[in-house]
Amino acid sequence: EEQGLRRPRYVHVAATLQARIVSGHYPIASHLPPEAQLSEEFATSRNTVREALRLLAERGLVRRRQGTGTLVTSATPVVKYAQSFNKLEDLFANAKTTHYALHSIAPIVLDDGLAERVGGDAGEEWLLLTGGRWAERGGAPLAFIQAYTPMEFKAIVDTFWTAPPPFYAVLEQRSGRTIDEVWQEIRAVEMPRHGANAFGLAEGSTSLQLFRRYIARGSTLIASVNWHRADQFTYQMLVHRRVESENG
């Protein structure tokens, strides 16, 4: 079997333990062996064993509690796939832990390409917001950000100088339009001059671009373009199995 096709070690351990639970080797209401014992049996690390037990817990087969070990609770896994966030704010949680600075707000007329991208009509006047995000005030920049919003929201946008971000939440609250969906696109592109200057890079340097369009009532509330240094940014999203009861 080729290395690239092998399952992770913790998945193998979890599969073996699950088979024992389903067969009754470890009956319901019994405890699995301690982590140290399982680590020795499978000739693997305690961390690998913990990951395997976490997987079994997510499948609804066991319950883990500090000091009491791992209790078998079911012999039938009930699972489905689910994204690992409950609120829109959780999807872009870095907005809570980083510092954003708004640099400018200016009118812009959409050309054909930009209109198609942001969900407007060519020739329409929108507002362009530019800003940046840092891990901390005065630190190294994390992102150069451009955002586009229809001119009808100008009165709300004018409050952004003092309103706490994220701006999509401010627009949603003050416009009374609930965001129905968010379109996100991630791609590698050349960084524009203003973005490159923010990072102290040469114009045309490679960047990781995150484009998001927040849609309410079928039209764009705000569209944002986040430019990141390609060598300093990794985008990750966890999609996990969510346990549901058989009744639920």
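Predicted model: local features only at pLDDT ≥ 70, side-chain atom pairs only at ≥ 80, totals over all residues.
1. Helix 1 (residues 9-23) and helix 2 (residues 35-42) have axes that come within 12 Å and cross at roughly 110°. Angles of 65 to 115 degrees count as roughly perpendicular, so that is how helix 1 and helix 2 lie to each other.

2. Now look at who makes this contact. Helix 1 contributes R9, V13, T16, L17 and R20, while helix 2 contributes L38, E41 and F42. Sorted by class, the contact of helix 1 with helix 2 has four nonpolar, one polar and three charged residues.

3. Next, find the largest nonpolar core, which has 20 residues. The residues with the most contacts inside this core are L129, F160, F167, L171 and I222. At least two core residues come from each of strand 4 (99-109), strand 5 (125-134), strand 6, helix 7 (154-157), helix 8 (167-175) and strand 9 (219-229). Helix 8 gives the largest share, four residues. As a general point, nonpolar side chains in soluble globular proteins tend to be buried together.

4. Beyond its neighbours within four places in sequence, L129 is in contact with several residues, including L102, I105, I145, V157, F160 and F167. Q146 is also one of its partners.

5. That brings us to Q146, in strand 6 (residues 141-150). Is Q146 buried or exposed? Buried means under 20% relative accessible area, and Q146 has 14% relative accessibility, so it counts as buried. Its side chain and that of W227 are joined by a polar contact of 3.1 Å. Not counting residues up to four places away in sequence, Q146 also touches others, among them L128, T130, A223, S224 and V225.

Notes: Residues numbered from 1 in each chain as written. Heavy atoms only, no water. Buried < 20%, exposed > 50% of the residue type's maximum accessible area, 1.4 Å probe, protein only. Polar contact = N/O pair within 3.5 Å; in protein donor to acceptor, adjacent residues only side chain to side chain. Contact = heavy atoms within 4.5 Å. Core = buried A, V, L, I, M, F, W, Y, C linked by side-chain atoms within 4.5 Å. Axes fitted to C-alpha atoms, helices over the stretch in contact; angles between N-to-C directions. Parallel < 35°, antiparallel > 145°, perpendicular 65-115°, else oblique. Nonpolar A, V, L, I, M, F, W, Y, C, P; charged D, E, K, R; others polar.
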